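Subject: Structure for your files

Hello,

The structure you asked for is below, followed by notes on what was found in it.

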Amino acid sequence: MMIEVIRKCNIAATLYINIKALPWRQALKFPIVVYGGIQIESLNGKINIKSDRIRRGMIKIGAQGCDMFGKGKCVVSIDGEVEFYGCCSIGTNSSLIIRRNGHLKIGKMVFLGANNLILCEKAITIGDEFMSSWCCQFIDSNTHEIIDINTKIKSEATKAIYIGKHCWLGNHSTVNKGGRLCDNTIVASYSLINKDYSHMGDFCVFAGIPANLKSKGKAWIR
């Protein structure tokens with residue numbers, strides 16, 4: 001078993017990302033472990049691990065989902081700030097792109113599936129015990145500006161995303177700018193969260209493009 005773990009771990013990338021991105025005392029504990037291929041575009045921003053207990057391998061990049069999607073390559077580009085508050089697993093083939101003014105907060109026991117994309121230009125918060133399936137997207141920006149040709153008014157290009165605790169996002173779902181979910185929310189596969197749904201409360205199930213409330217009083221079992 002130990003031989004298999006060593007074989008899958010990308011030792012060179014693990015060394016580099018810990019030493020380059022973390023304070024020395026944290027880096028020595030190797031809290032970030034990279035599995036498989038990775039493309040590191042930038043580490044000019046900040047990675048902060050705000051946990052009472054820093055331990056080896058608490059943040060895994062590229063491990064989850066390789067049984068279904070093969071040995072894909074993750075992309076990491078951090079020019080803004082990322083805060084981890086506990087254990088986190090980021091699936092194979094996923095992209096973590098934090099622009100210069102972006103601020104990503106990831107809670108405790110968060111599992112992001114394979115082929116996930118996080119593109120943060122403003123602010124994205126993911127609560128504790130969150131889980132996403134494969135091919136999900138979190139994008140807090142249009143990545144371009146849109147103008148009304150009659151009024152000449154430009155639409156808001158970025159808006160923060162907030163996802164509460166113990167939420168579950170089905171495969172191929174997207175959370176766009178301004179998306180907000182309460183704790184204990186389930187989002188069905190192939191759904192679009194593009195506005196504030198938090199006023200509907202906890203234990204909701206949403207589905208559709210854009211998503212609509214399908215039922216209440218439901219919780220997923222981890």
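Of the 222 residues in the chain, 46% are buried (buried is under 20% relative accessible area, exposed over 50%, partly exposed in between, with a 1.4 Å probe and protein chains only). This is a predicted model: local features need pLDDT of at least 70, side-chain atom pairs count only at pLDDT 80 or more, and totals for chains, interfaces and linings use all residues. Residues are numbered from 1 along each chain as its sequence is written, and side-chain values use heavy atoms, with hydrogens and water left out.

The chain has four helices and 22 strands (DSSP runs numbered from the N terminus: helices are H or I of at least four residues, strands E of at least two). Along the principal axes, its C-alpha atoms fill a box of roughly 55 × 40 × 35 Å.

There are three aromatic pairs (rings of Phe, Tyr and Trp, the last by its six-membered ring, with centres within 6.5 Å; planes under 30 degrees apart are stacked, over 60 edge-to-face, the rest tilted). One of them is Phe130 with Phe138, edge-to-face at 5.9 Å centre to centre and 75 degrees between the planes. Both Phe130 and Phe138 are buried.

Trp168 and Trp220 form a tilted pair, because their planes are at 45 degrees, with the ring centres 5.6 Å apart. This pair links distant parts of the chain, 52 residues apart: Trp168 is in strand S16 (residues 168-169) and Trp220 in the segment after strand S22 (212-216). Trp168 is partly exposed, at 35% relative accessible area, whereas Trp220 is buried, at 7%.

Regards
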